[in-house]
Amino acid sequence: MNNSKTYLIFIFLSIVLVAMFFVNLAVGSLAIPVSEVFSVLFKGEAGKPSWEYIVLGFRLPKAIVAILTGISLPIAGMLMQSLFRNPMAEPYVLGLSSGASLGVAFVVLGAGFLPLGIQQYATSAYSLVLASVAGSFLVLFAVLLAINKVKSTATLLIIGLMFSSFAGAFVGVLSYFSTAEDLKRFTFWAMGSLSNHSWHDIFILFVATFAGIIICLFLIKSLNTLMLGESYAQTMGVNIRKTRYQIIIATGILTGSITAFVGPIAFIGLAVPHISRIVFKTGNHFVLFFANMIIGAIVLLLSDTLSQIPGSSMVLPINAVTSIIGAPIVISMLLKHKNI
Amino acid sequence: MFQNKIYLLLFIVLSLVAGCKKTIKETGNISGISNEIQYAKGFEMYDFENFKILKITQPWQGATETTVYVLANDVNNIPDSLAHLTKVQIPVKSIVVTSTTHIPSLVTLNETTSLKAFPGLDFISSEEVQRLINEDKIKEISDGIGVNFELTIDVNPEVVIANGGNDSFEKYRQIQQAGIPVIYNGDWVEYTPLGKAEWIKLFGVLYDKEEEATTFFNQVVAEYEKAKQTVSKTTSKPTVFSGAMYEDIWYAPQGDSWTAQIIADAGGEYVWANHSGTGSLSMAFEQVLDDAQEVEYWIGPAQFVSYSEMQHANIYYKEFTAFQTKKVYTYSARKGVTGGLIFYEEATNRPDILLKDYICVLHPEVFPEHELYFLAPLTD
C-alpha cells in the first residue's frame, strides 16, 4: 500500500472517529434531542438539569473511557501478537485478566466467608479496583520472574495459559460456594463497564494509557525486526531479553489499568490488530500502531453506542456487545483476506 | 312446614360435610369448607374436624404445581382418600426453618425451642434464638449455598419449612424422600404487605396454635388499616424512589411490589408506580436520573447505610436531590448481634410497624410519638 493511500485511510478513519464520538454522546438509553445534546456540549445548558448531567457527567466520561480502552487493548494485543508471533495472542494471554479475575473473585465471592460486619467493606468500588490491580500485577511479576528462567517465548505463552486455567479453576470453586447475589456481582464485573468513573479515575487511566503507548512507540523498530524471527532480530542488534521485558511491562500497564477500571474487556485486543492489518495491508508496526489506536477507539465507541439500545431503558454489558458485533466482522474479514 | 324442610335439608348437608366422607381434589376447591386465608395468595388452609388441609399454591415465583398436605393430631386416623398426601403430625415438636423471615413467627408463638437447626445461624437476629444458639440448642446446617442434606437428615426434624426457588427444589425433594415432610413457605413471593404477614398462620397450624396466630395477625391487620386510614387524610403526597445500582443497572421494586404498596399506603407517591409487576425493575442510569433526580425521598438504597459509603460505591448517587438534601433512608442500618438485618427478619411479620416507619418519614406530623424501627436516616 502506498503512502498516499495510507494517509487517505487515516484521514477517513479520523473523521469516522470524531463522528462516532458525537454519535456516542447523542445516543443513550434516554432519548435526549440531538439539539439539546449539542446545546449542553457547546453552551453548557439544557432543557432539563438531568439532561445536562447525563451528557456531561455520564456520557462524556464514558466516551473518554471507551476511547482509552479502545487505544490500550489493541496496542497491548499487537504487542503480544508480535512478541509471540502468534495471531491468536491477545492482551490477556499472559494471564493478566485471570489474575485480575482471581483478585476480584476473592473480594466479591470470598466476602461471603467473612463475618457479616466486615463484608460491606470488601464490596466497595475501590476494593474491586485494588483487588484487580493486585491480581494482575501478581501475575505480571510472576511472568517477569519466569522470563529469566525461560528461553523460549513459546514456553512463556504456555505458562500464561496454564496460569489462566489455574486461576479459572479457583474462580470456579469460589463461584460454586458463593451466594446468587455475589455471583451476579462478579459476573457483572466480568462483563465490563465503561461508566461510574470520576474524572480522577479517568486521569489515572489516561496516565497509564499514555505511559503504555509511549513505551510501545519506542519499541516499534524492535517489533518490526522481531517479526522476522528472534535469531534474525538478535543479529540485527536487538536485545531480545530487554525487548521482552519492555513489551511485557507495556502490556501489563495497558491491560492492568483497563482491567482494573473497566473489567476484562474481551475481543478488542485480539480482533482490532487483525482488522488494522487487513485494512492497511501492512506489517509495519509504525502504521499499525496508529491504526490500532484509531480503529480500537471507533470499535469501542460503536460497541458502547449499540449497548445502550436507544429508546429502551435497558443496557447490554459492553463485553457482550464487543464480541457479538466483533466476531462476525472479523470472521468475514478473515474469510475475504485469507492471509494475515 | 316449609321452613322445617329447609332445616332438615341443611342438617343433612352439614352432616355430610362434617362426616368422614370428604373428598379432596388436588386441583379444585374443598367443598363445604372455606379457605381460612384472606390476604395471602400462596397458600390455603381448610379446617376439618380431625385434620386440616394445607395447600401450598405458590412456593416460588412461577410455580405451577400445588402441593397438598394433611395435618392431624393423629396422622393414622385420617380418611383413606387422603392417605396419598404428605402427612404432618401436629403439634410439631421439632422443626427446621430456612429463612430468617420464619423466625419471628416462632418467637411470637413461643415455639423457639422447637427450632433444631437453621442454615446460616449468623443471619438470625432474634436475641431469644441467639441465646439458644449460644447454648448449642440449634445446629448449623448450611453448606455454604443452602441446606446441607446430610446435616438436615441428621437433625431429623418432624418438618422442614423450605424457602427458595426452583433451583433448590432438588435438594428439598431428597429430604422429602428421606421421610421428612418439607413445606414450602412462599412468604417472599407474596406481593401484599398483609399477604406476607399472614404466613404466620402456617406456623399457627403446625404448632396447633391457630388461635394465637390468628389473633396476632388480626392485630397486625387492624394496626395497619388504622395507620393507613389516618395518613389518608393528609393532603400532600411526597415523591419517593428506591433501589441502587449494580454496575450499570439500577434495580428498584416494580409498581405492584410490596414496597410500592407500602409507599402508597403511607401516603407517598412512588415514582415507578406505573411499572406494573411485582418483581424488580432494571433500568439504565440515564432513565433513573431523568425520572428521579428531583424526587424528594430515596428509601431503600440497597445495602448502604451512610452517604460516604454511597459516594465511594458510585459517583452518580450524589446527583440526586434526595441525596443532596439528605433525605435518604435505609433499612440496612439496624442489625442483630451477628450482623443479620433486622428488616429482613422481622418486616415480613410486622408490616404495620414498617408502614408507620414510612409514614413517619413521609408525614412526620401524623405519628409524632412513633420511633423509626426498620428505617433509619443515612449517616454521614
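Predicted model: local features only at pLDDT ≥ 70, side-chain atom pairs only at ≥ 80, totals over all residues.
Residues are numbered from 1 along each chain as its sequence is written, chains are lettered from A in the order in which they are written, and side-chain values use heavy atoms, with hydrogens and water left out.

Chain B contains 14 helices and 17 strands, taken as DSSP runs (H or I, at least four residues, for helices; E, at least two, for strands) numbered from the N terminus. Of its 380 residues, 54% count as buried, that is, under 20% relative accessible area with a 1.4 Å probe, protein chains only. The C-alpha trace of chain B spans about 70 × 60 × 40 Å along its principal axes.

At the interface, 31 residues of chain B are in contact with 33 residues of chain A, contact meaning heavy atoms within 4.5 Å. The two chains bury about 3000 Å² between them, 56% of it on carbon and sulfur atoms, where buried area is the accessible area (1.4 Å probe) lost on being put together, summed over both parts. In chain B, Y246(B), E247(B) and E286(B) lose the most area to chain A, together 24% of what that side buries.

Two salt bridges are found across this interface, each defined by a side-chain nitrogen of Lys or Arg within 4 Å of a carboxyl oxygen of Asp or Glu. The side chains of K48(A) and D290(B) form a salt bridge with an N to O distance of 2.9 Å.

Methods:
Buried < 20%, exposed > 50% of the residue type's maximum accessible area, 1.4 Å probe, protein only.
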